[in-house]
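Here is a short report on a metal site and on charged side-chain contacts. Please look at the model before reading on.

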Amino acid sequence: MIDNECIVKVGNEVLRRIAEKVQLPISKNDLNIGKRMLKYLKMSQDEKLSKKYNLRSGVGLAAPQIGISKRIFAVYINDGEEILQFVVFNPEIVAESVQMVFLGGNGEGCLSVPNKYGRVLRHKKVKIRGTWYDPIEKNTIDSVKTFIDYPSIVVQHEYDHLNGVLFTDKITNNFVGAEEIS
Ligand code: ZN
């Protein structure tokens with residue numbers, strides 16, 4: 001099980017590496033990495049389990065954050081109505097909107113950067129090509145998916161982890177023309 005101890009924190013060089021592509025078809029081992037990350041996210045958002053295991057709540061987790069330098073990340077977003085959950089292997093941003101957005105409030109946070117938050121400009125919309133694992137259908141499919149607003153912010157944050165970039169590298173005060181997302 002992944003717990004807070006397993007999550008690599010800022011200062012560890014693995015967070016600054018360009019992660020390696022995974023081989024296709026997805027191996028059992030790589031699929032398991034993705035499933036474990038997804039499980040962490042899901043448990044971290046469960047009130048009882050997060051308390052029991054002392055998990056910091058997160059909506060996205062990239063493999064370098066558990067010390068594995070591979071191009072894999074997981075997302076679990078529950079907006080109260082719908083749950084967006086997947087693992088993506090070898091994601092590639094193939095299109096991005098000109099319109100920019102930023103997460104309001106304290107801004108973004110990161111499981112690898114304790115006690116730090118900040119506002120970051122992101123594209124309102126991105127299209128990502130990759131190999132997607134759907135935990136409901138239990139299948140992996142090569143396709144292009146589109147993300148808008150909050151999910152778009154999350155996937156761009158996770159995508160950055162695969163390229164050794166942290167949100168703290170991008171914190172800004174200039175939001176001219178950008179839309180605030182709550
Ligand atoms: Zn992060």
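The text below covers the zinc site, then the salt bridges.

This is a predicted model: local features need pLDDT of at least 70, side-chain atom pairs count only at pLDDT 80 or more, and totals for chains, interfaces and linings use all residues. Residues are numbered from 1 along each chain as its sequence is written, and side-chain values use heavy atoms, with hydrogens and water left out.

**Zinc site.** C110 (SG), H157 (NE2) and H161 (NE2) are the protein donors of the zinc ion, at 2.0 to 2.2 Å. Donors are N, O and S atoms within 2.8 Å of the metal (3.2 Å for Na, K and Ca); water is not among the atoms, so sites may look incomplete. The donor spacing in sequence is C-x46-H-x3-H. C110 sits in strand β5 (residues 108–110) and H161 in helix α3 (residues 150–162), so the pair ties together parts 51 residues apart in sequence. Helices (H or I, at least four residues) and strands (E, at least two) are DSSP runs, numbered from the N terminus. C110 and H161 are both buried. Buried means under 20% relative accessible area, exposed over 50%, partly exposed in between (1.4 Å probe, protein chains only).

**Salt bridges.** The whole structure holds nine salt bridges. Each is a side-chain nitrogen of Lys or Arg within 4 Å of a carboxyl oxygen of Asp or Glu. Three of them are tabulated here.

| Pair | N to O distance |
|---|---|
| R16 and D169 | 2.7 Å |
| R122 and D160 | 2.8 Å |
| K170 and D160 | 2.7 Å |

Shared partners join E108, R122, D160 and K170 into one network. R122 is buried at 2% relative accessible area. K170 is partly exposed at 35%.
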